[in-house]
Every structure is written in C-alpha cells, then in structure tokens.
Amino acid sequence: MDLEEAIRRATIAKKFVPVFMGSAFKNKVMLPGTPDGPLVALAFKLEEGRFGQLTYLRIYEGVIRKGDFIINVNTGKMVKEIIIWKLDNAVQKVHFDVWKSIGEGSLALYVCILTRWRIFKSRMLGKLLLFLGWTVLQPSGDTFTDGSVRYTMTSMNVPEPVMSLAVSPVSKDSGGQFSKALNRFQREDPTFRVGLDPESGQTIISGMGELHLDIYVERIRREYKVDATVGKPRVNFRETVTQRAQFDYLHKKQTGGQGQYGRVCVYIEPLPTGSSEKFDFENMIVGQAIPSSFVPAIENGFKEAANSGSLIGHPVEYLLVVLTDGASHAVDSSELAFKLAAIYAFRQCYSAARPVTLEPIMLVDLKVPTEFQGSVAGDINKRKGVIVGNDQDGDDSVITAHVYHHPLFIFLASY
C-alpha cells in the first residue's frame, strides 16, 4: 500500500510516469507444446536445390505420422501423400540407397511423389523437417496444421525495400531461365521484390541494399548461366506546357476514292500544377461546324498525341485542350480524319507552347552519424536537393530533403 500511495503522489505531482507492461495483440493462443495436441508447424525457410523446392518446417505442437494430410492455414490448401527420405545431418545430400526408419533427432526430407511409398516413424515435437516436392511450393512464414485448429503463427516482419536496380538478360533466348531465377528468389527471400515498370518496360528488382541485389545478380549468372545487364531504373520523366498556344490545322488528303478531311481550331494551355486532372478536353464549338459524332475522335487524337511529347518522348501532363472551331466535309470527313487532324495539330503546335520537362522529386530521410552530417548535406546540395529538416536521434542526425529522382540512385549507392 505504501508503494501504491507513493506512486500516486508522484504521478499527481507530474514527477513520475508509470509504465504498464502488456501485450497489444488479441486472440493469442497458448500452446502447451506437447505431442498429444493438434499439429502446429511453421515454414521458416525456403531453398531450391537439384531435387526441387525445399521448405523447412519446425513443429511446435503435435506430430506428423505416416499418411497424414497437413493443411496450409494461410492458403487453405492441403498437402497430401507425404513420403519421407533419409537426409544426412549436414543437409547436403539425400541418401536414396538407405531406406531406414528415421530416428528421433534427425532431419527428414518430405517428398510429394505419388508413385513410391516408404514407412517412416512419427515426427515428434520440436523437430526440423524439410519438405521437397513439385507440388509443395509453400511460402516462407506460413503455418501448417492437421485441420482440427486454425492457428496462425506470427511471421517475421518484412521491411520495405530501400534500393532498386533494372536488370535484363543479355540474350533473349535466356528469358525463360531469367524469369525462373527471379521467381525462385522471390519465394526464398521475402525482402527481395521483382516488378515491371509499365512505362519503361524494365524489370526492376528491389532489396535491402546494393550488396543484397548484387548477390542475386551474381546468382543468376552462376546458378542459371544467364548473363544479365544491370543498370539503374529509368526515371519516369514527364512533359508539360508553360503557355497558351493557339492553332488552326487542316488535314486534307485525297487518294482517288473517299478522301480525308478534317479541320480543327484549338488552343492548349497548362493546367495548374498538382491538379487532380492531368488531361482535360473541352468542346467550346457553337453550332455544327463539326458534327458532334466526330468530337470524341478529336479528343482521342489529342490524348494519343499527349502520350509522347516531342521534347524527350515522355507523356505530357497538366494539359488543357479547348476545341473552339473547325470544319467538315459531307463526303470526306470521318472519325479517322479528325483523329489524325488532332494528332498532327498537336505535334505542330506543341513547341509553340514552350514545353518543359518534369522530373519526380523524392522526399528522403537520411540517418547518419553526426560527424558525417556536413558531408552528406553537401552531397545533397550538389545533387540539387533541398534540405527541409534536420533532427537529432541520439548520436545520429536525421536529414529530411527533397531530391530529384534521377541522381538519387547514385547518391544512395555512394553511401
């Protein structure tokens, strides 16, 4: 009681802050850890060898017996017809010539093959198991049970990647092996990510650092015999216009039969930077100078032309196109004629709108030892970055800056 009263007095006086220890997780299940309970096991590691995909499994409760079915709780899929082969203690090679019962304390290799059966002893609590099979491609971190319970064990926290590289096979004939390697590495390592840039078409690999990615590039060369070209990802630049440009364009073509005729009077101007709309089209024609059925074709023509600006070939954003007038022909006008008129008109007048290049700017947080703060800040300034904040975290300095995307990869690689 004296201790409780002392804590109360100190807390009211704001001289003491009580800290209550506890758990923020709900629905936690206590496992007694006995072989008599339901099976609960965790897949904690993946590996691919000459025998196929290997999944390392640790049993936390229950047993696995001959003929048992186990269920992946995360996916709901059942693994059937488990067979065991002897594996040596170093987990280096499989002894196909030794078919003995597996004693407790040894490692085991489970294989999903429907044509051969071998008798094995029950695997007991706490043992490490190794699954192999062309149908047992289980991701790391998944929980397995016998189906009587739906427990899910806490998996490890996977941080977000901090660096990316563009990779591609040198030879197009190696594309299959290249994709196979990347798919395998993703299954083995949850911190390794693979994606396809929809604009540049580059294959982008992301990981925890330059060395992390270099190791996987080397494994592609060594294990899959695929030479890969490595480079920093292509920055997704954009283009925009800075002033209004007005033009009157006539598209007229005669080929002997029905010709093409379409006249458009348009002006383009920039939308406000940061606008929710990156392309806007307005029809300000009064009357029927252009039949309304041709207006959608004109809009599509300008959208298509804006996909590739003539400055550096990147999409044009924050663009307003206003159709003010035009003309049509009773016979030669068509949707194709007006679409082509819009495309050619945009290409012709684009330079008059004074186009500029837009480069993405990244918000970067850098945590560095205090003695290197000056050097890092100077390097940021050299790369046209702007420092917007500087805080202290213990013996480290945390620098917040806006840095252009293009030099950012070189900057991260240099540290």
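## Overall picture

The model is predicted. The chain has 415 residues, and 39% of them are buried. It contains 7 helices and 21 strands.

## Helix H2

Helix H2 runs over residues 175-188 and has 14 residues. From first C-alpha to last, H2 reaches 20 Å. That is close to the 20 Å expected at 1.5 Å a residue.

Which residues of H2 are buried? They are Phe178, Ala181, Leu182, Arg184, Phe185 and Glu188. These residues cover an arc of only 160 degrees around the axis, so they sit on the same side of H2.

## Aromatic rings

The structure holds 6 aromatic pairs. One of them joins Phe185 and Tyr216. The pair is tilted, with 45 degrees between the planes and 4.9 Å from centre to centre. Phe185 belongs to helix H2 and Tyr216 to helix H3 (residues 210-224), so the pair ties together parts that are 31 residues apart in sequence. Phe185 and Tyr216 are both buried.

Tyr216 also forms an aromatic pair with Phe192. This pair is tilted too: the centres are 4.5 Å apart and the planes 40 degrees apart. Phe192 lies in the loop between H2 and strand E10 (193-196), while Tyr216 is in helix H3, so the pair ties together parts that are 24 residues apart in sequence. Phe192 counts as buried because its relative accessibility is 2%, under the 20% cut-off. Tyr216 has a relative accessible area of 8% and is buried as well. Ring pairs link Phe185, Phe192, Tyr216 and Tyr224 into a cluster.

## A charge over a ring

Arg244 lies over the face of Tyr267, at 3.9 Å from the ring centre.

## Pro161 in its loop

Where is Pro161 found? Pro161 is in the loop between strand E8 (143-145) and strand E9 (163-169). With 26% relative accessibility, Pro161 counts as partly exposed.

Pro161 and Arg193 are 32 residues apart in sequence. In space, their C-alpha atoms are 7.6 Å apart. Arg193 is also in contact with Pro161.

## Val266 in strand E15

Val266 belongs to strand E15 (residues 260-270). Is Val266 buried or exposed? Val266 is buried, with a relative accessible area of 1%.

Neighbours within four places in sequence aside, Val266 is in contact with Ala245, Gln246, Phe247, Phe302, Val321, Val322, Leu323 and Thr324. Val266 and Asn283 are 17 residues apart along the chain, and 9.5 Å separates their C-alpha atoms.

## Cysteines

How many disulfides does a search of the whole structure find? The search finds 0 disulfides. In general, a disulfide is a covalent bond between the sulfur atoms of two cysteines.

Cys265 counts as buried at 9% relative accessibility. Cys349 is buried too, with a relative accessible area of 5%.

Definitions and conventions
Residues are numbered from 1 along each chain as its sequence is written. This is a predicted model: local features need pLDDT of at least 70, side-chain atom pairs count only at pLDDT 80 or more; totals for chains, interfaces and linings use all residues. Side-chain values use heavy atoms; hydrogens and water are left out. Helices (H or I, at least four residues) and strands (E, at least two) are DSSP runs, numbered from the N terminus. The expected span of a helix is 1.5 Å times one less than its number of residues. Buried means under 20% relative accessible area, exposed over 50%, partly exposed in between (1.4 Å probe, protein chains only). The arc is that of the directions from the helix axis to the C-beta atoms. Rings of Phe, Tyr and Trp (its six-membered ring) pair if their centres lie within 6.5 Å; planes under 30 degrees apart count as stacked, over 60 as edge-to-face and the rest as tilted. A charge sits over a ring if NZ of Lys or CZ of Arg is within 6 Å of the ring centre and within 35 degrees of the ring normal. Contact means heavy atoms within 4.5 Å. A disulfide is a pair of cysteine sulfur atoms within 2.5 Å.
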